[in-house]
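Dear colleague,

I am passing on the structure below, together with notes on its confidence and its salt bridges. Please look through the coordinates alongside the text.

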Amino acid sequence: MLKTLTLPLLFLPPLLRAQGPDVKSANVEVVGHVVEPRQLPPAADDLSVLRLPEGFTVNVFARELENPRMLAVAEDGTVYVTRRKLGDVMLLRDTDGDGTADEQRVVANRPGMHGIAITGDTMYLTTVKDLYMTTIKSDGSLDTLTLLLDDLPDGGQHPNRMVVVGPDKHLYLTAGSTCNACAEPNPENATMLRIAPDGSSRSIYASGLRNTIGYGFAPGSGKLYGMDHGIDWLGDNEQHEELNQIVKGNAYGWPYIYADGKYNPADYPPDGITMEDWKAQSAEAIGLYIPHAAPMQLAYYRGSSFPADYRGDAYIAMRGSWNRQPPSGYEVVRIHFENGEPVSFEPFVQGFVTQEGDEWGHRGRLCGLAETTDGSLLFTDDTNGVIYRVSYAEGGGVPIAIGSANNPGKPTNEDGADVRMTGIAPPTEAADTPDSLAMQLTEASTKLSVSSSAFANESTIPNRYAAEQENISPPLAWSGAPEGTQSFVVLMEDPAVPMHPPFLHWSLYNVPADKTELAEATPGGPTVPGIEGALQGPNDYGSLGYYGPRPPKGDPAHPYHFQVFALDTELELPFGASRAELLEAMRGHVLASGEVIGTYRR
């Protein structure tokens, strides 16, 4: 099915650099297409239609499964697959070593089951809102599911949560955006979350990620790479699917900046923030793949059965486009690494999409991908209910001499796209800051009087201001600023955390000198409506603005220091400045400081 949509957007993306930063003044059209390839009989019915590199073969590992999505493989070789539509987890085993699953049974049920990760005998599972942990028994069945979290952010347009266990044993869970491109009200949407193994704490590890389902830690380097889904309706060859090196504390541009610094034509940052400002605070993609190919699960090849050149590479299932003419995706792609760094995209399995005359058809939409303990790769076609197995004939495992000897060609329908590694240096992690309260790191000859109408000094902060409750900032007021004050800085810190104190809960700077109070519920985000020039930085939870008290359960009450600083200057910092950057910029400019302390326990 082919539909052509002419969209009157603000400007044509390829012309953005020539047009400069005044993007709202442009007016040209972007043409988009709806091309939904017709469903054909699955490739499993005739494996000769598939193309793989020389020496590789493909066979059907399992079929008639109905909606197999994400894959994980246990240490004993047992394969587990989630089935979102059925809301379950299925166990599959190849007990006779012939390369096909001869044992199949359902081992868990939860509506919307999708993400899955295994470490040792522990399994983690996700639905849209929930995160579960369970133990794998000796017979492959699962113990009772333990609910770790039930308040993951809403799904919206991208409800398919994925989870990966990191080298630090923490869980890395992605929560896609609720929309194509918008300002999300929940700071956890369009992010990667880092969660303690028992679910006791979580934070935003990285943001500005529209929908990253395929990601993982590279063998050797331990670096985290992920493929993000690009924005729709910017044209057939905009926005490219992005390969990002995902580094703690970084933002990756969505919804306003994409690829190697292009501006999104249909959306604009909050008042007071320009496209250039947002770009300066965004990490750019290190790799670009064909737009709308829809990258799904990613796995690194850690085995020894494949030829040496294929080992250590990442492999990712491309589900396939519905809004590009001609279609993209419908293939397994290899991300080739050299010396621990990604250097190219190369097709690995092709043949799932075909053209007859003016009509396109597909023989499968790919989704999950995992390496098995025998050194083969499995990938799922959730539309036809098939799991395929790729092996190498000379390297061990069980070679099944079925499939085409034709090598894959170029990436599927890449004409007009810009498939490449960008050569852009990956972002760096923010430096650690001194482990003392900000007031102990600054010198001030004058004391400000700071108070809150919500609580007295050294008394309990009301529940409504806590992270698990309304999570709104309390009212603050201050007085006693000396002559020459040009701006104020507000910092809320908890020095009682056991690791890397203090925990930064709020960072607000360039508050005008004539502003001496803040109403409760100061909105999060880069700017503060109604306070011209004021900017906010990231708290240690990972969002911009206020994050309320949330000490570990069972801890004594933690002290929360609401500190206010009078400066003799306005700080030349962008929004999103780190605590280290802020403290450095304040050095030598603090005229007065004061604080009010509130306490809180759960």
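**Confidence and salt bridges**

The protein chain in this predicted model has an average pLDDT of 93, and 93% of the residues score at least 70, where pLDDT is the predictor's confidence in each residue, from 0 to 100. Over residues 6-20 the pLDDT stays under 50, and the model has 44 contacts for them beyond four places in sequence, a contact meaning heavy atoms within 4.5 Å. Residues 395-399 also have a pLDDT below 50, and this stretch has 15 contacts in the model beyond near neighbours in sequence. Where pLDDT is low, the predicted coordinates should not be read in detail.

As to conventions, residues are numbered from 1 along each chain as its sequence is written, and side-chain values use heavy atoms, with hydrogens and water left out. Because this is a predicted model, local features need pLDDT of at least 70 and side-chain atom pairs count only at pLDDT 80 or more, whereas totals for chains, interfaces and linings use all residues.

Turning to the charged side chains, the count comes to 28 salt bridges, each being a side-chain nitrogen of Lys or Arg within 4 Å of a carboxyl oxygen of Asp or Glu. One of them joins arginine 63 and aspartate 45, with 2.7 Å from N to O. Arginine 63 sits in the loop between strand 4 (56-62) and strand 5 (71-73), and aspartate 45 in the loop between strand 3 (38-39) and strand 4, so that the pair links parts of the chain 18 residues apart (strands are DSSP runs of E, at least two residues, numbered from the N terminus). Arginine 63 is partly exposed, at a relative accessible area of 35%, a class lying between buried (under 20%) and exposed (over 50%), with a 1.4 Å probe and protein chains only.

In a further salt bridge, aspartate 154 and lysine 129 have their closest N and O atoms 2.9 Å apart. The former is in the loop between strand 12 (146-149) and strand 13 (162-165) and the latter in the loop between strand 10 (122-126) and strand 11 (131-135), so the pair ties together parts that are 25 residues apart in sequence. Aspartate 154 is partly exposed at 48%, as is lysine 129 at 29%.

Arginine 602 and glutamate 468 also form a salt bridge, at 2.7 Å between the closest N and O atoms, and this pair links parts 134 residues apart.

Finally, a network of salt bridges links Asp76, Arg93, Glu103 and Arg105.

Definitions and conventions
Helix = DSSP H or I, 4+ residues; strand = E, 2+ residues; numbered from the N terminus.
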